[in-house]
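This report covers side-chain contacts between charged residues and between aromatic rings. Accessibility of the residues involved is given alongside.

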Amino acid sequence: MRPVSEYLKLQGRFGHLHAEHIANLQKFANQQWQMMGVQLPEALVKAADPKNQVNMAAAAEAEAVAQTL
């Protein structure tokens with residue numbers, strides 16, 4: 001079990017998503033796990049909070065800059 005953001009980072013088509021969108025997707029995924037009776041790791045609970053997320057575009061830009069250094 002990994003945060004939704006890890007999957008989204010692999011997919012360039014999600015680069016427009018903001019932290020709030022990613023947190024909402026994580027909340028939905030967490031609800032699905034809970035409906036199946038799965039105990040959530042703390043990382044997934046924290047990932048559902050928008051303050052713990054970054055905008056995908058900002059992350060991609062930062063990575064591109066880091067690779068040029």
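Rings of Phe, Tyr and Trp (its six-membered ring) form a pair if their centres lie within 6.5 Å. The model is predicted, and a search of the whole structure finds 1 aromatic pair. The partners are Tyr7 and Phe14, whose ring centres are 6.3 Å apart. Their planes stand at 50°, so the pair is tilted; the tilted class takes the angles left between stacked, under 30 degrees, and edge-to-face, over 60. Tyr7 has a relative accessible area of 42% and is partly exposed. Phe14, at 21%, is also partly exposed, because buried means under 20%.

Turning to charged side chains, the search of the whole structure finds 2 salt bridges. In one of them, the side chains of Glu6 and Arg2 meet, with an N to O distance of 3.8 Å. The other links Asp49 with Lys51, where the closest N and O atoms are 3.8 Å apart.

| Residue | Relative accessibility | Class |
|---|---|---|
| Arg2 | 67% | exposed |
| Glu6 | 38% | partly exposed |
| Asp49 | 26% | partly exposed |
| Lys51 | 70% | exposed |

In the bridge of Glu6 and Arg2, the acidic residue Glu6 is partly exposed, whereas Arg2 is exposed. In the bridge of Asp49 and Lys51, Asp49 is partly exposed and Lys51 is exposed.

Notes:
Residues numbered from 1 in each chain as written. Predicted model: local features only at pLDDT ≥ 70, side-chain atom pairs only at ≥ 80, totals over all residues. Heavy atoms only, no water. Salt bridge = Lys/Arg side-chain N within 4 Å of Asp/Glu carboxyl O. Buried < 20%, exposed > 50% of the residue type's maximum accessible area, 1.4 Å probe, protein only.
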